[in-house]
Amino acid sequence: MKKVVIMVYISIFIASVFFCDKIEKGIFEVENIDVYYERIENNSEETCFILMHGFGASTFSFRDIVLPLSDYGEVIAFDRPGFGLTERITDMDFESPVDKNPYSREFQRIVIDNLINSFAENKKIVLMGHSAGCSVAIDYTLNHPGKIGALILIAPSLKYRKNGSFAMDLFVKLAENGLTIFTRNIMLSQLETVLENSWYDRDKLTEEIIQGYKIPLSSENWERALVNFTLSQTDFDFTAEIGSIKVPVLIIHGLQDSIIPLKENAETYELFSDHWLVTFDRCGHLPHEECAWEFMRIVSLFVENRIYR
């Protein structure tokens, strides 16, 4: 155990200082939409980790773990449509088939398929999701059970009800009144509040991190895309289905998570047929950021004992 901890710390330090140029950053086209991705090759391992961020985030949220994670396989993170540097689609036909809607889970299955076919064919695929990104990972696994070797779920969102969602109600009302400078500022303020509430120790939320989250908000039409994303979401509840997932599942949850409190999902986690739940004390909704070293220690143990075995 001590050896694993030391190696994780060394890996994170070396990665952060020396190997930033290892990250390939680019755009790939999916159904005529430009999707931004970051990739670290590892041809010596047969595993590929595909990372999916949560609501209002981007690949930036994985900045502390992508390089140490690449010790165990290829790593690909992408900006989910509606967020980050992926192309914003503003002219929406909500009557079109859901797989043509770039903000739907169905379309994100197509994105993952394209990533696998382009970069990770014949590799064992591990999907890692954070918060709402977990719903994409679970949805893909349920629809492609033979393609996925393991899941890593960080503070997962396992259910969503469109009516009554605070974000949904707020953004729709703002959109109905027109996206003026005033309403854009309200949306920006709400996103900042969510970010602040996602941390237990707010002293760790530096100005550099805040600005990193804000960079994609300089993109043209970010607010319209956010509204379209919210309008495109449909209700889901994976409670009845996750028992059919047979691959190993690692779940990491902060005990002080105020966005998705542990108690909301604790019983549901038991429905996974093969899972390991790890909780972090003094940690909020972003364990991979707020507790990155401890996070990678647990992921390393999971990979060594459940994926490489």
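1. Aromatic pairs. The structure, which is a predicted model, holds eight aromatic pairs. Rings of Phe, Tyr and Trp (its six-membered ring) are paired if their centres lie within 6.5 Å; planes under 30 degrees apart count as stacked, over 60 as edge-to-face and the rest as tilted. In the pair of Phe 60 and Tyr 213, the ring centres are 5.6 Å apart and the planes stand at 80°, so this pair is edge-to-face.

2. What the first pair connects. Phe 60 belongs to the loop between β3 (47–52) and α2 (66–69), and Tyr 213 to helix α7 (residues 207–214), so the pair ties together parts that are 153 residues apart in sequence. Helices (H or I, at least four residues) and strands (E, at least two) are DSSP runs, numbered from the N terminus. Phe 60 counts as partly exposed because its relative accessibility is 22%, while Tyr 213 counts as buried at 12%. Buried means under 20% relative accessible area, exposed over 50%, and partly exposed in between (1.4 Å probe, protein chains only).

3. A charge over Phe 60. The charged end of Arg 63 sits over the ring of Phe 60, 4.3 Å from its centre. This term requires NZ of Lys or CZ of Arg to be within 6 Å of the ring centre and within 35 degrees of the ring normal.

4. Tyr 103 lies in the loop between β4 (74–78) and α3, and Phe 229 in helix α8 (residues 222–232), so parts 126 residues apart in sequence are tied together. Tyr 103 is buried, with a relative accessible area of 0%; Phe 229 is buried as well, at 4%. Ring pairs link Phe 55, Phe 83, Tyr 103 and Phe 229 into a cluster.

5. Nonpolar cores. The largest nonpolar core has 49 residues, of which Ile 50, Phe 78, Ile 112, Leu 127, Leu 151 and Phe 272 touch the most other members. Helix α3 (residues 105–119) gives the most to this core, with six residues. Apart from it lies another core, of 30 residues, including Val 126, Ile 154, Phe 280 and Cys 283. A nonpolar core is a set of buried Ala, Val, Leu, Ile, Met, Phe, Trp, Tyr and Cys residues joined through side-chain atoms within 4.5 Å.

6. Neighbours within four places in sequence are left aside here. Leu 151 is in contact (heavy atoms within 4.5 Å) with residues including Leu 127, Ala 137, Ile 245 and Phe 302. Thr 59, found in the loop between β3 and α2, is buried at 6% relative accessibility. Thr 59 touches Tyr 36, Glu 38, His 53, Ala 77, Phe 78 and Asp 79.

7. Positive phi angles. Most residues other than glycine have a negative phi. Glu 31, although not a glycine, has a positive phi of about 55°, and Asn 32 has a positive phi near 70°. Glu 31 is found in the loop between β1 (24–30) and β2 (33–40), and Asn 32 is in the loop between β1 and β2. Glu 31 is partly exposed at 45% relative accessible area, whereas Asn 32 is exposed at 64%.

8. Basis of the values. Residues are numbered from 1 along each chain as its sequence is written, and side-chain values use heavy atoms, with hydrogens and water left out. In this predicted model, local features need pLDDT of at least 70 and side-chain atom pairs count only at pLDDT 80 or more, while totals for chains, interfaces and linings use all residues.
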